[in-house]
6 protein chains.
Amino acid sequence: MSALPITHDPLAQWRQHSEPWYLPVGDEVASFEAAYALRLPVLLKGPTGCGKTRFVEHMAWRLRRPLVTVSCHEDLTAGDLVGRWLLDAEGTRWHDGPLTLAARHGAICYLDEIVEARPDTTVVMHPLTDSRRVLPLEKRNELLHAHPDFQLVVSYNPGYQGMHKQLKPSTRQRFTALEFGYPAPDAEARIVAHEAGVEPALAAQLVALAQRTRRLAGEGLDEGASTRMLVHAAGLVRGGVAPRAACLQAVVLPLTDDPELIEALRAAVEASFA
Amino acid sequence: MSALPITHDPLAQWRQHSEPWYLPVGDEVASFEAAYALRLPVLLKGPTGCGKTRFVEHMAWRLRRPLVTVSCHEDLTAGDLVGRWLLDAEGTRWHDGPLTLAARHGAICYLDEIVEARPDTTVVMHPLTDSRRVLPLEKRNELLHAHPDFQLVVSYNPGYQGMHKQLKPSTRQRFTALEFGYPAPDAEARIVAHEAGVEPALAAQLVALAQRTRRLAGEGLDEGASTRMLVHAAGLVRGGVAPRAACLQAVVLPLTDDPELIEALRAAVEASFA
Amino acid sequence: MSALPITHDPLAQWRQHSEPWYLPVGDEVASFEAAYALRLPVLLKGPTGCGKTRFVEHMAWRLRRPLVTVSCHEDLTAGDLVGRWLLDAEGTRWHDGPLTLAARHGAICYLDEIVEARPDTTVVMHPLTDSRRVLPLEKRNELLHAHPDFQLVVSYNPGYQGMHKQLKPSTRQRFTALEFGYPAPDAEARIVAHEAGVEPALAAQLVALAQRTRRLAGEGLDEGASTRMLVHAAGLVRGGVAPRAACLQAVVLPLTDDPELIEALRAAVEASFA
Amino acid sequence: MSALPITHDPLAQWRQHSEPWYLPVGDEVASFEAAYALRLPVLLKGPTGCGKTRFVEHMAWRLRRPLVTVSCHEDLTAGDLVGRWLLDAEGTRWHDGPLTLAARHGAICYLDEIVEARPDTTVVMHPLTDSRRVLPLEKRNELLHAHPDFQLVVSYNPGYQGMHKQLKPSTRQRFTALEFGYPAPDAEARIVAHEAGVEPALAAQLVALAQRTRRLAGEGLDEGASTRMLVHAAGLVRGGVAPRAACLQAVVLPLTDDPELIEALRAAVEASFA
Amino acid sequence: MSALPITHDPLAQWRQHSEPWYLPVGDEVASFEAAYALRLPVLLKGPTGCGKTRFVEHMAWRLRRPLVTVSCHEDLTAGDLVGRWLLDAEGTRWHDGPLTLAARHGAICYLDEIVEARPDTTVVMHPLTDSRRVLPLEKRNELLHAHPDFQLVVSYNPGYQGMHKQLKPSTRQRFTALEFGYPAPDAEARIVAHEAGVEPALAAQLVALAQRTRRLAGEGLDEGASTRMLVHAAGLVRGGVAPRAACLQAVVLPLTDDPELIEALRAAVEASFA
Amino acid sequence: MSALPITHDPLAQWRQHSEPWYLPVGDEVASFEAAYALRLPVLLKGPTGCGKTRFVEHMAWRLRRPLVTVSCHEDLTAGDLVGRWLLDAEGTRWHDGPLTLAARHGAICYLDEIVEARPDTTVVMHPLTDSRRVLPLEKRNELLHAHPDFQLVVSYNPGYQGMHKQLKPSTRQRFTALEFGYPAPDAEARIVAHEAGVEPALAAQLVALAQRTRRLAGEGLDEGASTRMLVHAAGLVRGGVAPRAACLQAVVLPLTDDPELIEALRAAVEASFA
């Protein structure tokens with residue numbers, strides 16, 4: 001643990017070794033491939049836990065590209081993305097950040113929840129997302145020309161009420177965009193059954209519950225239950241927890257702290273498992 | 001004290017050597033075990049001093065896992081959790097933070113009062129809390145795959161009036177949740193008697209006082225007396241302090257500075273020790 | 001990757017090796033050349049994606065000057081622009097920032113989206129933009145006299161509604177200014193056809209769509225579709241995507257998240273491809 | 001002055017070599033001793049200059065414990081309290097902060113004006129103030145178990161009008177609390193006479209003045225005159241200053257800048273020395 | 001570029017080698033000389049681009065003093081002005097900042113746009129601007145007595161509407177002040193003709209335009225056209241640009257982005273070149 | 001300039017070699033001496049430029065003590081005052097800050113404009129200003145006992161309208177205080193005549209002007225003319241400037257930028273030199 005790992009394939013850790021399971025819900029695979037063919041940057045919009053990250057993993061596998069993922073947040077700086085000088089036993093040494101690594105060696109770089117990042121994180125990618133496809137590394141006087149295989153993908157959730165964070169038009173207009181929603185009930189039940197290894201009947205009951213919670217979104221609840229939550233609940237049931245207790249633990253209590261909303265969600269559980 | 005300690009078992013300090021005493025108040029032990037079996041992250045909700053920390057200690061003991069605890073606060077950075085490069089006599093050396101240590105070697109990592117942390121602390125755990133179970137260490141270009149025994153547990157208190165700090169839906173939906181309250185009176189009296197080594201009668205009087213204070217919560221008082229406070233008061237009585245003076249010192253004065261509320265609480269002491 | 005690159009031509013990376021294609025929309029080429037002849041700084045105003053960056057690339061090619069571009073943002077400091085001391089194996093070494101590099105060796109320095117920068121970034125260029133043409137490097141006690149070929153160019157978009165960021169009068173009055181808009185329909189269609197390699201008829205339909213979206217600017221939409229977006233959509237069509245789907249992906253969804261505006265934009269797509 | 005002092009007794013500087021004079025005003029000595037017997041943390045509440053610091057010094061002397069005092073303020077970080085790595089001629093060396101020093105070697109640690117500290121300073125002491133009695137030193141991967149003699153004491157002044165700084169309930173409920181006020185007139189006069197070496201008659205006149213000023217607290221004046229101010233005034237008189245001039249210099253002008261309040265206070269001086 | 005330049009005359013770079021051309025508009029030269037004779041600090045007030053900087057250059061030439069100029073901004077720290085320790089191949093080395101350099105060796109130090117600086121930048125010059133004439137360098141325990149030739153000059157523009165930045169009275173009262181305005185029309189025309197090398201007739205037309213724009217100041221326009229803008233426009237005309245186009249490029253578009261104001265300014269151009 | 005100066009008398013630079021001229025306006029000299037005899041900290045209140053700094057210089061001379069002065073400002077940290085570790089050719093070395101230097105070796109430490117400092121700067125002096133007279137240097141684990149000759153003096157100006165910065169009561173009550181105003185007219189004229197070397201008649205006219213300006217304080221003007229301003233104006237007149245021009249330059253223009261107030265002040269000049 002005493003030195004930076006030296007590898008011959010600098011992207012080795014970011015290559016996937018098995019196919020991520022993904023059930024398409026529309027023509028998103030073809031749309032993404034068309035954008036990748038032109039190396040156009042892609043913006044994924046959609047609610048929490050609906051499968052955006054899994055979709056990117058799936059597309060990276062299909063396109064045989066390594067995938068470098070960054071979870072964005074307020075304290076992520078341009079330096080974190082681009083790289084910095086590190087002090088070493090032999091002096092200073094340049095360390096590529098994840099965006100530079102992807103651009104230099106030809107990975108797909110995925111910036112998750114991009115609106116959480118500070119403006120400088122956003123603007124640093126501007127020269128990479130127009131016809132120039134360059135990344136200026138001012139700190140080492142290098143003008144990096146992106147690898148021909150490099151592509152940038154970002155995602156965010158446009159649905160929060162009263163969200164004050166937004167991408168600037170000058171950033172948005174650099175992207176092509178795909179919109180995600182919750183899968184159709186049948187597809188969502190197939191996903192839950194596949195991911196948690198449960199019977200279709202239970203999966204269908206959980207999807208019915210999710211739909212009831214999603215109707216409460218905007219009425220006090222920020223968002224309804226995600227597909228991920230249903231997979232959690234299904235897993236608990238498979239592990240021996242009673243269905244209603246599993247829904248309380250995996251769906252109701254994580255969704256809200258408000259006593260009235262908890263009551264409404266408990267009623268939705270009762271209705272779904274009546 | 002002049003160098004980092006070198007240990008063969010990097011989690012040795014975080015192993016518990018005796019069983020933490022815990023009196024279950026419902027089916028929280030089974031619920032936690034079901035979540036751990038699937039390695040689902042767990043969110044504990046409940047008021048101050050009701051036993052959340054003790055519960056996690058107890059579960060780590062039951063599951064034979066080391067427990068790495070972090071008290072969250074506004075100045076805790078993602079770097080504090082994940083790790084950083086330290087300058088050493090032989091150059092820079094990587095130092096795992098507590099979250100990385102737990103993920104690498106298979107401990108339960110417990111982030112206490114998670115809502116006090118800054119957003120970047122929260123988002124850094126996202127890739128650890130979905131099916132990927134990875135922690136990207138951008139600063140050393142390592143994509144850490146969590147140890148199979150690793151689990152993440154977080155807690156917070158949803159009860160403060162006017163609390164402006166909240167977990168984002170995209171974070172909440174990654175967790176299964178358990179809700180804690182004050183124990184039922186008999187159970188709470190057993191806990192107080194056990195922890196402070198006092199007679200059941202005194203413990204019951206203190207529990208009665210606690211219930212009176214809890215009715216004042218929301219009427220000027222942020223929260224009623226915690227079980228911990230009752231243990232303090234009981235200990236002072238056992239050490240020779242008169243019960244009313246002990247309640248003033250351990251319950252009334254710590255709860256508030258407001259003269260009217262202090263009077264109301266003194267009256268509750270009188271009523272409980274009449 | 002272990003040391004700063006050493007080059008005999010310090011601006012080699014910033015020289016362009018082929019002519020950037022640019023279709024003039026007025027007398028902007030002559031105006032820029034007149035300003036360059038006097039080395040007056042130039043301010044480019046205009047909406048997102050209308051070709052300001054391409055124009056600067058074109059002018060640098062015409063004037064046979066290297067072009068050093070900086071994307072401005074809130075976290076860009078004066079030190080990033082001017083330079084700093086770096087610690088090296090042999091001690092500290094001075095590293096010219098991009099503005100200093102351009103001023104020292106005679107490039108055109110282009111600060112894109114200057115209003116996004118912090119005030120100190122703006123003020124550092126004051127002594128470079130009046131008759132003194134000097135850049136004080138306080139940190140190394142050097143008063144750099146700009147190379148005779150050096151020129152400063154900045155750009156910004158004055159059109160955002162409610163934009164609170166503005167250049168100070170004491171900065172603005174140092175510049176001569178050129179105003180850009182969207183090209184006339186015929187010119188814009190020629191640009192789209194040239195850039196994406198598509199037929200004039202498709203380009204004309206896309207321009208018609210853009211004009212419809214631009215009428216919505218200020219009515220909820222921050223800005224209408226840029227020429228760049230049309231090039232994206234045309235590229236997707238050329239790659240096999242149906243025109244309406246391409247417009248949805250490259251124009252509608254990137255422009256807005258508002259459901260009503262999305263509907264209005266879909267209608268504009270229908271009207272343009274009827 | 002060129003190296004950190006090396007001592008065999010790391011707490012030598014914090015041991016008191018003579019008994020601090022303290023006149024008890026109630027049963028605060030017994031209450032503190034009862035809390036110390038259980039090593040319960042203690043919270044001291046009371047107005048400026050009423051003797052809280054002297055009381056802690058006195059108790060540390062009685063209990064034969066060294067006393068490590070920290071004056072809290074907004075810029076005090078958790079790192080200042082806990083410790084940090086320092087770069088040395090032989091590499092980095094760990095430096096215990098005052099809280100760690102006290103916890104490791106068994107001192108009483110006194111955090112004066114705790115509400116002035118930032119939240120992270122407060123939360124760092126949480127694991128030290130419940131049954132765990134540990135201090136996690138994340139930066140050196142050490143989980144410090146507190147010395148059996150260690151105790152934590154904090155103080156603050158609850159009386160400022162409109163004070164927005166408060167301890168969180170989750171912090172308060174970890175403490176037992178003692179409330180301090182101004183001593184009764186006879187006791188206060190004895191204190192003033194003892195500390196300044198003046199006659200009882202002068203001390204009584206000064207106490208009478210103090211009581212007049214305390215009635216103005218809340219009516220424009222933040223707080224009335226402290227016992228410390230009376231000691232100052234008495235000392236000036238003993239040094240030859242006329243009593244009214246001494247009161248102006250030591251009481252009236254330090255208390256306020258408001259011309260009307262200064263007049264009211266001057267009148268109180270006249271009344272007390274009529 | 002690998003080390004700090006070593007010079008025998010530490011102010012060599014700040015000596016001017018030819019006389020800066022300046023046309024006096026009143027008795028400002030004598031007033032400045034009287035202040036310099038007493039080494040009183042001087043405050044220059046006046047609008048953007050009216051010649052304050054040129055005046056200081058001229059006075060430094062007349063008084064045979066080097067001129068060290070600093071453009072103030074929000075991120076300029078006291079450390080930037082005063083100096084700091086730099087790490088070198090042979091250890092740390094002190095580096096005088098521009099204010100220290102000027103005070104130590106006897107230059108005129110000119111802080112341009114002083115109100116843009118942060119308060120610490122302002123207060124650091126207090127001991128230099130009263131009878132003490134010292135600069136405490138706390139970081140190296142040096143109390144620098146200013147060179148007998150040293151003088152401090154600062155400037156700012158009092159005219160912005162709604163400007164919230166102000167010098168504190170305790171700073172202002174340390175200065176003697178000179179007020180600048182736009183030159184009288186004849187003088188301004190002579191300046192434009194001299195600086196741009198154009199005929200008096202064109203210069204007079206440009207001055208007439210400037211006067212029209214200055215009447216719009218306060219009616220939406222922050223400031224009217226500066227003398228500098230007229231020199232720019234005259235230069236463009238001399239370079240072959242038509243007068244109206246030159247005025248649009250050098251005066252109208254730099255002054256404002258507001259469509260209505262642009263129309264009003266265009267009308268002023270028409271009227272001036274009718 | 002390549003190393004910290006080594007001196008045998010660490011306070012040599014802060015010793016004064018001639019008596020600072022000071023004309024007492026009341027019994028402030030005796031009051032200060034009484035406080036110094038008890039080593040009580042002293043707080044000086046009064047308007048800008050009325051002589052507080054000169055008074056402290058005078059008292060330090062009378063008491064034969066070196067004087068270490070610090071101008072307080074928002075960016076002054078506790079570390080600046082107390083000291084820090086510096087990296088040296090031979091490793092790290094401790095550097096006493098000015099407060100520590102004064103406390104260790106027995107100087108008077110004068111913190112000018114204390115309310116401008118941040119709270120941590122204020123609180124760091126608390127243990128030095130009560131009976132403990134210690135300064136904890138947490139960063140080097142030293143508890144510094146102040147030299148017997150050490151005294152702390154602070155100053156501020158209570159007169160600004162709407163000033164939001166205030167000393168906390170817990171800080172104020174540690175000081176004895178002296179109040180300064182403008183000297184009586186005769187005394188002020190003597191000071192002006194002495195400091196500038198002018199005739200009493202001119203000095204009296206300037207004092208009359210000052211009194212007129214002071215009546216405008218609070219009516220738009222923050223403060224009236226200070227004694228220092230009169231000395232400036234007198235000096236300009238002695239240097240050959242006409243009295244009214246000297247008053248404009250040294251009094252009117254530095255006092256305000258408001259056109260109406262400037263007119264009122266010009267009228268006051270006319271009245272004083274009629």
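In what order do the 5 strands of the open sheet in chain D lie? The order is β2-β5-β8-β1-β9, and the pairing is parallel. Strands here are DSSP runs (E, at least two residues), helices are runs of H or I with at least four residues, and both are numbered from the N terminus. Two strands pair if DSSP finds at least two bridges between them.

Before walking on, a word about what you are looking at. This is a predicted model, in which local features need pLDDT of at least 70, side-chain atom pairs count only at pLDDT 80 or more, and totals for chains, interfaces and linings use all residues. Residues are numbered from 1 along each chain as its sequence is written, chains are lettered from A and ligands numbered from 1 in the order in which they are written, and side-chain values use heavy atoms, with hydrogens and water left out.

Back to the sheet of chain D. Its edge strands are β2 (67–71) and β9 (176–179), each of which pairs on one side only. From one strand to the next, the twist averages 20°. Let us look at one pairing: β5 (residues 108–112) and β8 (residues 151–156) of chain D run parallel and share 4 bridges. Here Ile108(D) stands opposite Gln151(D) of β8(D). Across β2, β5 and β8 of chain D lies helix α4 (residues 98–105), running at about 160° to β2(D). Such angles run from 0 to 180 degrees between N-to-C directions, with axes fitted as lines to C-alpha atoms, for helices over the stretch in contact; contact means heavy atoms within 4.5 Å.

Now turn to chain B and its strand β1 (residues 42–45). In a regular strand the side chains alternate between the two faces of the sheet. In β1(B), Val42(B) and Leu44(B) point one way, Leu43(B) and Lys45(B) the other way, and all are buried. Buried means under 20% relative accessible area, exposed means over 50%, and partly exposed lies in between (1.4 Å probe, protein chains only). With β8 (residues 151–156) of chain B, β1(B) runs parallel and is joined by 4 bridges; Leu44(B) has Ser155(B) as its bridge partner there. β1(B) also pairs in the parallel sense with β9 (residues 176–179) of chain B, over 4 bridges, and Lys45(B) stands opposite Glu179(B).

Aromatic rings come next. Rings of Phe, Tyr and Trp (its six-membered ring) pair if their centres lie within 6.5 Å; planes under 30 degrees apart count as stacked, over 60 as edge-to-face and the rest as tilted. The count comes to 18 aromatic pairs over all chains. One is tilted, because the rings of Tyr22(D) and Phe55(D) have centres 5.3 Å apart and planes at 50°. This pair links distant parts of the chain, 33 residues apart: Tyr22(D) is in the segment before α1 (28–37), and Phe55(D) in helix α2 (residues 52–62) of chain D. Phe55(D) also forms an edge-to-face pair with Phe32(D), at 5.7 Å centre to centre and 85° between the planes. Phe32(D), in helix α1 of chain D, is 23 residues away from Phe55(D). Tyr22(D) is buried, and Phe32(D) counts as buried because its relative accessibility is 0%.

In chain A, ring pairs link Tyr22(A), Phe32(A), Phe55(A) and Phe180(A) into a cluster. Also in chain A, the charged end of Arg214(A) sits over the ring of Tyr182(A), 3.5 Å from its centre. A charge sits over a ring if NZ of Lys or CZ of Arg is within 6 Å of the ring centre and within 35 degrees of the ring normal.
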